[in-house]
Amino acid sequence: MKKILSSQRAIALLTLGVLFLFFSVFGSNFCTGDTMVNLLESTYYIICVSFGITYVISTGGIDLSVGTVAMCGALVGGVAYNVWGLPMWFSLIIIVFTGMLFGILNGILVSYLNLPAFVATLGTMMMSQGAGYIISGVQTMRYPSISEPDGWFKRIFYKSLDGVPMGVIYMVILFAAAFFLFKYTKIGKYACAIGSNKEAARLSGVNVKRWGLLVYVISGIFAGLAGIFYAATYTAILPGSGSGIETNAIAATVIGGTSMTGGSGSMFGTIIGVFIMGILKNGLMTIGIQQQWQVLFTGAAVLLAVLLDIYRNNKIKRG
């Protein structure tokens, strides 16, 4: 099984290299410093969401709410700063706290009330979107620019005064944390155990309800952090936004080798999958493909990811 998963990551890494080479040759100004920085900036929050959703999918679950939860957190944080007059640092904590609350709700619905993960997170996806509308009063929330008094927010989480893309530093830190937790602690091992055989994990002494709840809490926290990176990158947060982020995150996670049926996962594979999606999106623009075609190709990538996952699982079953 490890050999199959390793080969899946190798295929993903090879695909990443082929796409990069293709767009470097045929794309207009693809292989430039500005394009690479734009690529990184457009994937910060997707990477963050994908780290969290890797835990969930490893249990055999799904979290469709991560995108709207991230935007809901950013909207609530914007209201806290712009309307309630709270300091920026406290507003950022509120963003993460909002994501954690929705993670707790998802965990309770799935692990303790035994709702299907698809149904539960579809409901919280709509709830978080509605909460963002209500709390923001259907108003766009804006975060301060670098030149404003609280511009330290963008300098720390987006780009320094010297133009250094700060998000890269945070992504390395978050990757190290997510990788360590998944690879070397109980949460990662139990998530895969639950995904492989939930009943066997329960009989072996694993509290599947508690650990099942915790993976959704982790997903919610990462969604909250993604909300911070999105706000730092784009400044303006529109009510009702966020749909589609979860699709990119799920596709990237599965492309990277995490099985949709649970039982396995790879943070390294996930980050490769995110960059495949990012290069595909940015690269298509450099060869003149319009946005509607970009959406079509992204959807095709999602289907391909699922088909690869089915093939991989069938190969594992056949031994």
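Author: Helices are DSSP runs of H or I with at least four residues, numbered from the N terminus. The model shown is a predicted one. With that numbering, Met-71 is placed in helix α4.

Reader: Is Met-71 buried or exposed?

Author: The cut-off for a buried residue is a relative accessible area under 20%. Met-71 has a relative accessible area of 2%, and therefore it is buried.

Reader: Which residues are in contact with Met-71, leaving aside its neighbours within four places in sequence?

Author: With those neighbours left aside, Met-71 is in contact with Tyr-230, Ile-237, Ser-241, Gly-242 and Ile-245. Met-71 and Ile-228 are 157 residues apart in sequence, and their C-alpha atoms are 9.0 Å apart.

Reader: How is the packing of two helices described?

Author: Two quantities describe a packed pair: the angle between the helix axes and the distance between them. Helix α4 spans residues 66-82 and helix α5 spans residues 88-112; their axes come within 8 Å and cross at roughly 145 degrees. This crossing of α4 and α5 is right-handed.

Reader: Which residues of α4 and α5 meet?

Author: From α4, the residues are Val-69, Cys-72, Gly-73, Ala-74, Val-76, Gly-77, Ala-80 and Tyr-81; from α5, they are Met-88, Ser-91, Ile-94, Ile-95, Thr-98, Gly-99 and Phe-102. Thr-98 counts as buried because its relative accessibility is 10%.

Reader: At what angle do the axes of α3 and α12 cross?

Author: The axes of α3 (residues 44-58) and α12 (residues 245-255) cross at roughly 65 degrees and come within 8 Å. On the α3 side, the contact is made by Tyr-45, Ile-46, Val-49, Ser-50, Ile-53, Thr-54 and Ile-57, and on the α12 side by Ile-245, Asn-248, Ala-249, Ile-250, Ala-252 and Thr-253. The crossing in which α3 passes α12 is right-handed.

Reader: How far apart are the C-alpha atoms of Thr-247 and Gly-299?

Author: They are separated by 8.6 Å, while the two residues lie 52 residues apart along the chain. Thr-247 is found in helix α12, and its relative accessible area of 32% makes it partly exposed. For a contrasting reading, take Pro-149 and Ile-194: these are 45 residues apart along the chain, and their C-alpha atoms are separated by 48 Å. Pro-149 is located in the loop between β1 and α7 (152-157). With a relative accessible area of 81%, Pro-149 is exposed.

Reader: How many salt bridges does a search of the whole structure find?

Author: The search finds one salt bridge. Arg-202 forms it with Glu-199, and the closest N and O atoms are 2.4 Å apart. Both residues lie in helix α10 (residues 198-203), three residues apart, which is about one turn of the helix. Arg-202 counts as partly exposed at 42% relative accessibility, and Glu-199 is likewise partly exposed, at 40%.

Reader: Which residues form the nonpolar patch on the surface?

Author: The patch is formed by Val-83, Trp-84, Tyr-133, Ile-134, Ile-135 and Val-138, with about 630 Å² of accessible area together. Val-138 lies in the loop between α6 (117-136) and β1 (141-142).

Reader: Why does Val-138 count as exposed?

Author: The cut-off for an exposed residue is over 50% relative accessible area. Val-138 counts as exposed because its relative accessibility is 53%.

How values were computed
Residues are numbered from 1 along each chain as its sequence is written. This is a predicted model: local features need pLDDT of at least 70, side-chain atom pairs count only at pLDDT 80 or more; totals for chains, interfaces and linings use all residues. Side-chain values use heavy atoms; hydrogens and water are left out. Patches are made of residues with over 30% relative accessible area and no salt bridge: like charges are joined within 9 Å, nonpolar side chains (Val, Leu, Ile, Met, Phe, Trp, Tyr) within 5 Å. Accessible areas come from the Shrake-Rupley method with a 1.4 Å probe; for residues, only the protein chains shown count as cover. A salt bridge is a side-chain nitrogen of Lys or Arg within 4 Å of a carboxyl oxygen of Asp or Glu. Helices (H or I, at least four residues) and strands (E, at least two) are DSSP runs, numbered from the N terminus. Buried means under 20% relative accessible area, exposed over 50%, partly exposed in between (1.4 Å probe, protein chains only). Axes are lines fitted to C-alpha atoms, for helices over the stretch in contact, and angles run from 0 to 180 degrees between N-to-C directions. A crossing is left-handed if the near helix is turned anticlockwise from the far one by less than a right angle, and right-handed if clockwise. Contact means heavy atoms within 4.5 Å.
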